[in-house]
Structure formats: C-alpha cells, structure tokens
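The following exercises are to be worked with the sequence and the coordinates at hand. Each task is followed by a stepwise solution.

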Amino acid sequence: TLCPLVLVPPGARTWQPGGSGGTIQVLVPLNGSPTTALSLEPVSRLLQRCPVTLHILHIVQAGAEPPSEVGAFSASRYVDQPQHYWPHWMTEFAARSSDVFRHCPRDVTLSVGEPGAEILRVARERASDFIVLVWKGDLSEDRAQTLQKVLKGIPCPVLIVRSAVEAAA
C-alpha cells in the first residue's frame, strides 16, 4: 500500500483521549537518513493534534554499514570521550533527523543490537502506546527484516509509513 497503515495486535493496550493515559508515548526508530525523516512528515502533521511524547531511537548494529544516503547522520564508529561526545551527538541527531517533529517533546536514545529486537525491547521498557516505522515497500524474505521482526512481536499498535523515495517511484 502507498497509504500509511496501522496494525493493532489483539489485546493491545490502547490510549484513550482524556483518559488516565495522559500523553501518547510514541516510539520512532530513525536511521539518520534524510529520506526517513521526510517520510515522517505526514505523521508529524497527525501528531500535532495529539498530546504526544516522542521517543526517538537510533540503533547501531555491529558490522552494519551506516546509511549511505547523502546527508545521513549516524553514530560515530569511534568515540574517545563519550561523556562529551554523546550529549552533543544526541542533540545533533535529533535536530537533523527529526526536524519534522520539532513541535513534540522528545528524547533520543542510542541503542546497540539487532534493530527489530531493540525496537521491541525499548517499546516494552518505555511502555510505548504506538510505534512508527518507515518501510521501503518490499516484504520479500531478504528485505524488511526489521519490520517483519517487529510485526511478529508487536506489543502495541504500529503505524507503517511508506518511504518517501519508494512511494514516489
């Protein structure tokens, strides 16, 4: 589909407007590429209407290549003074990759591991009400491994947004 798609697992805890839930806790994994951030523009417009706290997650996977897209911003492979580097990196990452969410309160978390498993772990730890994923449109066996893993274990509703580049093709 070219339209955003919401999947709700059976028995999922749902957020109720005006209820005891307060703000909606939204988990948005970002890879640091401009295309991913651009793909989230429609989601941003939707979230402007809701009381939202955004949890931006960047996952570094051992042995994986960083995004090759021009303008991509990912974690450094070498850091000699993390106590100085990481706060700056988090601020810069949030500014570059999530400008579309500038109206939302947000935090940035850096995680290391297999992306699908890390998304599920963080979603459970943060008691996320919603996960937003950008998908390139291909579910063949060797593609969309993160999406497939998340869909097999989703603890809450997931909004799947088609990549801006893939949707235009």
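**Exercise 1.** In which strand is the place of Gln25? Identify also its side-chain partner and its contacts beyond the neighbouring sequence.

*Solution.* The model examined here is a predicted one. Step 1: Gln25 belongs to strand E2. Step 2: the side chain of Gln25 makes a polar contact of 2.9 Å with the side chain of Thr23. Step 3: once neighbours within four places in sequence are set aside, Gln25 is in contact with Thr53, His55, Ala127, Ser128, Asp129 and Phe130.

**Exercise 2.** Determine which residues of helix H4 are buried, what they pack against, and which residue caps the N-terminal end of H4.

*Solution.* Step 1: H4 spans residues 115-125, and its buried residues are Pro115, Gly116, Glu118, Ile119, Leu120, Val122 and Ala123. Step 2: these buried residues pack against the strands E2 (24-29), E3 (52-60), E4 (106-112) and E5 (130-135), and against helix H5 (145-153). Step 3: the N-terminal cap is Glu114, which places a side-chain oxygen 3.1 Å from the backbone nitrogen of Gly116.

**Exercise 3.** Describe how H4 and H5 are arranged and which residues meet between them.

*Solution.* Step 1: the two axes come within 8 Å and cross at roughly 40°. Step 2: angles under 35 degrees count as roughly parallel, and 65 to 115 as roughly perpendicular; H4 and H5 are therefore oblique to each other. Step 3: the crossing of H4 past H5 is right-handed. Step 4: from H4, Pro115, Gly116, Ala117, Ile119, Leu120 and Arg124 meet Thr146, Lys149, Val150 and Gly153 of H5. Step 5: sorted by class, this contact comprises 5 nonpolar, 3 polar and 2 charged residues.

**Exercise 4.** Classify the exposure of Val60 and give its C-alpha distance to Val112.

*Solution.* Step 1: Val60 is placed in strand E3. Step 2: with a relative accessible area of 29%, Val60 is partly exposed. Step 3: Val60 and Val112 are 52 residues apart in sequence, yet their C-alpha atoms are 4.7 Å apart in space.

Definitions and conventions:
Residues numbered from 1 in each chain as written. Predicted model: local features only at pLDDT ≥ 70, side-chain atom pairs only at ≥ 80, totals over all residues. Heavy atoms only, no water. Buried < 20%, exposed > 50% of the residue type's maximum accessible area, 1.4 Å probe, protein only. Helix = DSSP H or I, 4+ residues; strand = E, 2+ residues; numbered from the N terminus. Contact = heavy atoms within 4.5 Å. Polar contact = N/O pair within 3.5 Å; in protein donor to acceptor, adjacent residues only side chain to side chain. Axes fitted to C-alpha atoms, helices over the stretch in contact; angles between N-to-C directions. Parallel < 35°, antiparallel > 145°, perpendicular 65-115°, else oblique. Left-handed = near helix turned anticlockwise from the far one by under 90°. Nonpolar A, V, L, I, M, F, W, Y, C, P; charged D, E, K, R; others polar.
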